[in-house]
Amino acid sequence: DLAAKCADMIKEAKKICLLSGAGISTNAGIPDFRGPKGLYRTAGIENPERIFDISYFYRDPSLFYRFHREFLRALQQVQPTFAHKFFAKLEEIGKLIGIITQNIDSLHQRAGSKKVYEIHGGVWESFCVKCGKAYTYEESLKKTFEEDIPRCDACGGVIKPDIVFFGEPVKYLDKCIQLARESDLFFVVGSSLVVTPAALIPAECRGTIVVVNKGEFSTAYLPMSKVSLVVDEDIDAFFRSVNEHLNIV
Ligand code: OAD
Ligand code: ZN
């Protein structure tokens, strides 16, 4: 079966790398974007991707903050999933060389992962878009719940969390590509693989690719010749089965 095959691949691998997307956190209670209950379906607005569009944000930051407030509220309640813990263990036992995540929920770090590259940034820092003043997570959290649009104490400019919007450069791209090139087993877990440049990274892998994703994902940038396993199952259920063969969590 697929779990046994995956477990064998992990046993043989020496340098595992993971690209995770929003699907790895849905079992924690954070909705994804393009899945059946994804934000882009439930947002109830036209062109929902504009929530995270930088030029739209500069014109009207209130739309982003309306959704971000809900996200921050959810973030205070959630716990890492089994899959987050499974990949933290793979690092601990010396099998995994790094995690590239498109997520901003920091659940990988909270599960114990050390080498995490948040290619789309995170909520741990915020900056004034006008004067650049930095705000900690606690400061921005307080402001976000107290003010409709959080504004800078120093200059009144709009504060923006250090997450990557559409139209902004991603972070750590060179390092992420280097990780993929070093890896002999590359997992893509819970991503629709439609957003570039993140979706371009798996192709850089020298070894073999395993995709774990329920439902459709884009193969536009994915060399299927390198893909040795596609698992169309729930992420936690699948990695629990894999773990039954490995007993690492
Ligand atoms: P998507 O929402 O596009 O894709 C998540 C995928 O995970 C979907 O294919 C789901 O079907 C699948 N999925 C969800 N829950 C699952 C589960 N429990 N088991 C198995 N599969 C599951 O999320 P991303 O690919 O991460 O960027 O989206 C990429 C980027 O688009 C995000 O980082 C964000 C977004 O706009 C920015 O805002 C810049
Ligand atoms: Zn300022």
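C17 is buried (under 20% relative accessible area, where over 50% is exposed and in between is partly exposed, with a 1.4 Å probe and protein chains only), its own relative accessible area being 0%. The closest cysteine sulfur to that of C17 belongs to C176 and is 7.8 Å away, too far for a bond. C205 likewise counts as buried, at 1% relative accessibility. C205 is in no disulfide, and the nearest cysteine sulfur, that of C17, is 8.0 Å from its own. Across the whole structure, the search finds 0 disulfides, a disulfide being a pair of cysteine sulfur atoms within 2.5 Å.

The model is predicted, with local features requiring pLDDT of at least 70 and side-chain atom pairs counting only at pLDDT 80 or more, while totals for chains, interfaces and linings use all residues. Residues are numbered from 1 along each chain as its sequence is written, chains are lettered from A and ligands numbered from 1 in the order in which they are written, and side-chain values use heavy atoms, with hydrogens and water left out.

Around ligand 1 there are 24 residues, of which R34, Y40, S191, S192 and K214 come nearest; a residue is near if one of its heavy atoms lies within 4 Å. This shell comprises 8 nonpolar, 10 polar and 6 charged residues. An N or O atom in the side chain of T26 is 2.8 Å from a nitrogen atom of ligand 1. Oxygen atoms of the ligand lie 2.7 Å from a backbone N or O atom of R34 and 3.3 Å from a backbone N or O atom of E216. The protein buries 95% of the 790 Å² that ligand 1 exposes when taken alone, with accessible areas from the Shrake-Rupley method and a 1.4 Å probe.

Methods. A polar contact is a pair of N or O atoms within 3.5 Å; within protein, one must be able to donate a hydrogen and the other to accept it, and residues adjacent in sequence count only if both atoms are side-chain atoms. Ala, Val, Leu, Ile, Met, Phe, Trp, Tyr, Cys and Pro count as nonpolar, Asp, Glu, Lys and Arg as charged, and the others, Gly among them, as polar.
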